[in-house]
Amino acid sequence: MDNYGLLEPIGGGEPIPLLRDALTVGRRESCDIVLRFANVSGQHCKLTLEEGYWFVQDLNSQNGLKVNGTHVTRKRLDPNDTLSIARHKYKILYSPVELGATGPPPSDEEDITTVLKKSLLDRAGLQRRADTSSRRYDPNADSGEQDDESDTLE
């Protein structure tokens with residue numbers, strides 16, 4: 001399929017085609033949909049097509065997401081819903097039937113098996129700290145083994 005729908009900017013602008021069934025949205029050039037606004041995070045959110053319906057998930061952005069005016073972390077986007085990325089509003093246009101939807105829409109909730117596969121830190125939206133033990137000063141190490149950032153006496 002060439003087109004899975006459109007994000008139409010509210011207030012004017014070129015519609016953004018949804019060309020794949022999974023898209024990252026953000027300010028970085030590596031994102032599938034690049035939004036060059038200072039208040040949009042580098043990787044702001046992810047759009048995924050599930051059972052014929054689009055879902056949006058916040059990727060720990062600083063300025064968040066809203067669907068129809070309500071802050072969300074993950075939410076199903078029904079046709080003609082308003083998606084606010086930071087403060088930029090878009091109407092999502094697509095046809096669930098054309099994208100393979102049958103029966104009632106899927107739940108907004110994440111699948112329980114997906115949730116249980118994540119660590120508690122990931123589920124809480126927290127990230128593990130990088131191991132900083134190698135950056136600490138070791139008085140027993142030779143001066144050549146010290147991290148470049150540490151001060152050594154000669």
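A salt bridge is taken here as a side-chain nitrogen of Lys or Arg lying within 4 Å of a carboxyl oxygen of Asp or Glu. With that criterion, a search of the whole structure returns 4 salt bridges, and three of these pairs are described below. The structure is a predicted model, in which local features need pLDDT of at least 70 and side-chain atom pairs count only at pLDDT 80 or more, while totals for chains, interfaces and linings use all residues. Residues are numbered from 1 along each chain as its sequence is written, and side-chain values use heavy atoms, with hydrogens and water left out.

One of the salt bridges joins Glu-50 to Arg-74, with 2.7 Å between the closest N and O atoms. This pair links distant parts of the chain, as Glu-50 belongs to strand 5 (residues 45–50) and Arg-74 to strand 9 (residues 74–77), 24 residues apart. Strands (E, at least two residues) are DSSP runs, numbered from the N terminus. Glu-50 has a relative accessible area of 27% and is therefore partly exposed; the scale sets buried at under 20%, exposed at over 50% and partly exposed in between (1.4 Å probe, protein chains only).

A salt bridge also connects Asp-78 with Arg-76, whose closest N and O atoms are 2.8 Å apart. Arg-76 counts as buried because its relative accessibility is 13%, whereas Asp-78, at 24%, counts as partly exposed.

Turning to another pair, the side chains of Glu-29 and Arg-36 form a salt bridge at 3.2 Å, N to O. Glu-29 is exposed, with 58% relative accessibility, and Arg-36 is likewise exposed, at 61%.

Methods
Helix = DSSP H or I, 4+ residues; strand = E, 2+ residues; numbered from the N terminus.
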